[in-house]
Amino acid sequence: PRIIFFDEPFTELDFPGVKDLLQRIVQLKENGITCCIVTHDISKTLAYADRMACMFEGEIVLSGTPEECLSDIENYGIRNPIKKILSIGDCTWLN
């Protein structure tokens, strides 16, 4: 497939499970596969995202690069995971 959709893929996974799945998603991306991930926990995927969108009350209210979206994300009830760190690249579960 050229596109794979993941719906809350990290639910009920322990730390090793999250790392394993995330490594596999990164490998898919490196092989040219588009991965669309629906998640409430953006901190797990943010460092690897090229684009993101935020839905609020059934509508897309933010769409763009992570850098473009994060400044307004807390207006829609989502914690900004990089508020206290240096950069998006620092927000990884794989290091």
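Contact here means heavy atoms within 4.5 Å. The model is predicted: local features need pLDDT of at least 70, side-chain atom pairs count only at pLDDT 80 or more, and totals for chains, interfaces and linings use all residues. Residues are numbered from 1 along each chain as its sequence is written, and side-chain values use heavy atoms, with hydrogens and water left out.

Start with Cys 69. Leaving aside residues up to four places away in sequence, Cys 69 touches Met 52, Leu 62, Ser 63 and Gly 64. Cys 69 also belongs to the largest nonpolar core, which has 9 residues. Such a core is a set of buried Ala, Val, Leu, Ile, Met, Phe, Trp, Tyr and Cys residues joined through side-chain atoms within 4.5 Å. Buried means under 20% relative accessible area (1.4 Å probe, protein chains only). Among the other members are Ile 42, Leu 46, Met 52 and Ile 82. β3 (52-56) and α2 (66-70) each supply at least two residues of this core. A second, separate core of 6 residues includes Val 18, Leu 21, Leu 22 and Ile 25.

Now the strands. Strands (E, at least two residues) and helices (H or I, at least four) are DSSP runs, numbered from the N terminus. β1 (residues 3-7) and β2 (residues 34-38) run parallel, joined by 5 bridges. Asp 7 has Val 38 as its bridge partner in β2.

Finally, the loop between β2 and β3 holds Thr 39. A polar atom of the Thr 39 side chain lies 3.0 Å from the backbone nitrogen of Asp 41. Beyond four places in sequence, Thr 39 touches Glu 8 and Thr 45.

Conventions: Buried < 20%, exposed > 50% of the residue type's maximum accessible area, 1.4 Å probe, protein only. Pairing = 2+ DSSP bridges. Polar contact = N/O pair within 3.5 Å; in protein donor to acceptor, adjacent residues only side chain to side chain.
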